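Hello,

Here is the structure I promised to pass on to you. Please open it alongside this message, and I will walk you through what turned up.

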Amino acid sequence: MTDRDSGAGFIQVLRNQAFLRLWIVQALSQTAQNMINFSLLILVRNIVETQNLSQANTVISLLILAFSSPAVLFSPVAGVVVERADKRTVMAIANGLRTLAVLAFLALDPTWPAVLTLSALYIITFFFGTVGQFFGPAQAAAIPMIVRPRELLSANALFNLTFTGSQILGFATLGPLAIKLFGVQNTLVGILILYVGTTALALLLPKTPPVHRQVREDVEPFRAFI
C-alpha cells in the first residue's frame, strides 16, 4: 500500500462516524494515559523532595513496577472478559474507573507521611494500570465490528499510528509542557477532564456485543475447543 493509498484509506474510514468516535476515544485516552505516566514520575519526585527521602531510585522503581505489572498479571483475563462482553461497555467502564483513579491521585498530599503517601500512590497506580488492560483489547475488538471488511486494514493502521503518536505527544510533549506551565495538580485536572469526555464519548458508540460461537452438536466436545 502506497502513502497515497494509505492517506485515502484513512480519510475513507474516518467518514464512518462510529469509527471516528472510536478513534477519538483512543487518541484522547492513550494521550491521557501517557501524560499520567509522566505526571506520576513528577509527583513521586515531589514526594521525595518534600520528605527528603534518600532512596529515590527505589521509590521510582516501585512506581514503574506498580504500573507495568498489571500487564503481566491481567492481560489474559482482560482478553476473556472483552470477548464475552459488550466492547462499548468495557471501554466506558474502564475510562470511568480511570477517572476515579485520577481523582484519587489529586487527593494525595506530598506532605503526608512518606509511607502512607507512597503506599496510596502505588495502590492507585496498580489499579489504574489494571483497568487499562481492559481498554485496549476492547477497542481492538470493536474495530472489525464497526467498519466494513475493506476498511479494516486502514482502520488498524490508523490505530497503530495513533498509539505511537500518543506516546510521543503525551509523554514527551504535552505532559512535560503542561506540568511546566500549569503544575502537576492542574495537569491532573486536565487529564481528569479528558477521561470524563472519553467515557461519555464511548457511551455514544454503537453496541458491540459478544459474538457467540456456534458449536455443532455432532462435533466431539474436545474438538469443539480446537
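Asn52 sits in the loop between H2 and H3, and it has a positive phi of about 55° although it is not a glycine.

Two notes on how to read the rest. This is a predicted model, where local features need pLDDT of at least 70, side-chain atom pairs count only at pLDDT 80 or more, and totals for chains, interfaces and linings use all residues. Residues are numbered from 1 along each chain as its sequence is written, and side-chain values use heavy atoms, with hydrogens and water left out.

**The overall picture**

The chain holds six helices and zero strands, giving the pattern α-α-α-α-α-α along the sequence. Helices (H or I, at least four residues) and strands (E, at least two) are DSSP runs, numbered from the N terminus. Of the 226 residues, 42% count as buried. Contact here means heavy atoms within 4.5 Å. Among contacts with a separation of 6 or more, 86% come from residues 24 or more positions apart.

**Helix H3**

H3 covers residues 56–84, and its 29 residues should span 42 Å at 1.5 Å a residue; the end C-alpha atoms are 42 Å apart, which agrees. The expected span is 1.5 Å times one less than the number of residues. H3 bends by about 60° at Phe74, with a proline, Pro76, following within four residues. A bend at a residue is the angle between axes fitted to the seven residues ending there and the seven starting there.

The buried residues of H3 are Val59, Leu63, Ala66, Phe67, Ser69, Pro70, Ala78 and Val82. Their cover includes helix H2 (17–51), helix H4 (87–107) and helix H5 (114–146). As background, an α-helix has 3.6 residues a turn, so residues three or four places apart point the same way.

Ala78 is worth a look: it counts as buried because its relative accessibility is 0%. Leaving aside neighbours within four places in sequence, Ala78 is in contact with Gln133 and Phe134. The C-alpha atoms of Ala78 and Gln133 are separated by 6.2 Å, though the two residues are 55 apart along the chain.

**Helix H6**

Which span does H6 have between its end C-alpha atoms? H6 spans only 22 Å, while a straight helix of 52 residues would span 76 Å at 1.5 Å a residue. H6 also bends by about 115° at Phe182.

Thr162 is in H6 and is buried, at 11% relative accessibility. A polar contact of 2.7 Å joins its side chain to that of Trp23. By polar contact I mean a pair of N or O atoms within 3.5 Å; within protein, one must be able to donate a hydrogen and the other to accept it, and residues adjacent in sequence count only if both atoms are side-chain atoms. The Thr162 side chain also reaches the backbone oxygen of Leu158 at 2.8 Å. Beyond four places in sequence, Thr162 is in contact with Trp23, Gln26 and Ala27.

Thr198 lies in H6 too, within residues 152–203, and is buried at 1% relative accessibility. Its side chain makes a polar contact of 2.8 Å with the side chain of Asn95. Not counting residues up to four places away, Thr198 touches Val25, Leu28, Ser29 and Asn95.

**Where H5 meets H6**

H5 and H6 pack at an angle of about 145°, with axes 12 Å apart. Axes are lines fitted to C-alpha atoms, for helices over the stretch in contact, and angles run from 0 to 180 degrees between N-to-C directions. From H5 the contact uses Phe128, Gln139, Ile143 and Pro144, and from H6 it uses Leu152, Ala155, Asn156, Phe159 and Tyr195.

Ala142 is also in H5, and is buried at 2% relative accessibility. Not counting residues up to four places away in sequence, Ala142 touches Leu22, Lys87, Met91 and Thr208. The C-alpha atoms of Ala142 and Pro206, 64 residues apart along the chain, are separated by 9.5 Å.

Enjoy exploring, and write back whenever you like.

Best wishes

Definitions and conventions
Buried means under 20% relative accessible area, exposed over 50%, partly exposed in between (1.4 Å probe, protein chains only).
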